[in-house]
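Please examine the sequence and the model shown below. The briefing that follows is grouped by topic.

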Amino acid sequence: MFKDNIILNSTNPLEIYGEDNEKLNLIQSCFPDVKIVARGIEVLFEGEEISVKKIKNLFSEIDDYLQKNQYLNNKELKKILSNDFKDDFVDVDFQLFGRNGNLIRPKTINQKKMIQLSYNNSLLFALGPAGTGKTYTAIALASKALKDNQCKKIILTRPAIEAGENLGFLPGDLYDKLSPYMRPLYDALNDIFEEKKLNSYLNSHVIEIVPLAFMRGRTLDNAFVILDEGQNTSEQQMKMFLTRMGISAKFIITGDETQIDLPKNQFSGLIHAKKKLMKLKEISFINLDSKDIIR
């Protein structure tokens with residue numbers, strides 16, 4: 001029998017082994033002819049030489065992945081084991097420390113692809129159901145760009161379309177009426193910026209959170225602009241928004257094509273833009289799905 005071993009570079013072997021050796025058992029199930037013994041950062045193998053060398057290469061690949069990403073979930077491990085992982089692998093350089101020093105990082109392959117596509121092009125459409133992290137990832141990208149002085153301001157906007165309710169019946173002035181509707185955007189910013197810093201940015205208009213109607217007539221230079229709930233724009237609103245792009249601007253449009261709240265006689269500007277722009281190389285599209293929903 002052939003024996004070999006590997007010394008892991010990972011500072012947290014639990015990310016490789018999993019709780020109660022869940023991940024290790026998954027790997028073992030794919031190599032029934034190899035005995036695997038994990039001792040801290042050392043892993044011992046015993047079995048047929050070809051299989052031992054193969055599993056050692058596998059652990060080396062997993063170890064390299066963790067060095068770059070600090071996190072490996074079961075879905076990504078299964079992709080490695082099925083040899084599909086190399087086609088989906090995205091070596092994206094993204095690290096953002098949020099409020100209280102919390103590390104904010106992409107957790108799925110598609111979120112990493114979204115970040116890479118944003119780096120590559122000035123206009124990105126991120127599509128998918130609720131909970132896939134498309135809006136949060138977009139705001140994290142904008143926040144990092146602001147912190148790294150890659151843009152001068154962040155503008156977050158939404159079309160003021162009610163889902164079964166009427167904003168006009170809410171108490172208060174325009175800001176009071178729109179504040180609850182814009183709450184998800186504030187929540188993401190609160191995860192990233194300390195309260196005083198965020199308030200300073202909001203008061204000085206370095207960060208703006210405005211309804212889409214307020215974008216008309218503006219030219220946005222050196223800004224990172226995010227249109228959320230893009231499926232609820234009309235064709236005219238989407239055209240108006242896209243033509244706001246100025247010099248050195250970065251635009252991300254998020255939306256869920258299955259959650260359109262427009263009147264029945266109105267066609268979604270997001271779907272119209274997708275049909276018109278999908279084939280342009282200078283514009284990126286990313287489709288997130290149920291596999292990206294991590295709570």
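Are both Phe125 and Phe285 buried or exposed? Both Phe125 and Phe285 are buried (under 20% relative accessible area, with a 1.4 Å probe and protein chains only; exposed means over 50%). The model is predicted, so local features need pLDDT of at least 70 and side-chain atom pairs pLDDT 80 or more, while totals for chains, interfaces and linings use all residues. Residues are numbered from 1 along each chain as its sequence is written, and side-chain values use heavy atoms, without hydrogens and water.

**Strand S6**
- Strand S6 spans residues 123–127 (strands are DSSP runs of E, at least two residues; helices are runs of H or I, at least four; both are numbered from the N terminus).
- Leu123, Phe125 and Leu127 point one way from S6, Leu124 and Ala126 point the other way, and all are buried.
- S6 pairs in the parallel sense over 5 bridges with strand S10, residues 250–255 (pairing requires at least two DSSP bridges), and Leu124 stands opposite Ile252 in S10.
- S6 also pairs in the parallel sense over 5 bridges with strand S11, residues 283–287, where Leu127 stands opposite Asn287.

**Aromatic pairs**
- The structure holds 4 aromatic pairs (ring centres of Phe, Tyr or the six-membered ring of Trp within 6.5 Å; planes under 30 degrees apart are stacked, over 60 edge-to-face, the rest tilted).
- Phe45 and Phe59 form a tilted pair, with centres 5.4 Å apart and planes at 50°.
- Phe125 and Phe285 form a stacked pair, 4.6 Å centre to centre with 10° between the planes.
- Phe125 lies in S6 and Phe285 in S11, so this pair ties together parts 160 residues apart in sequence.
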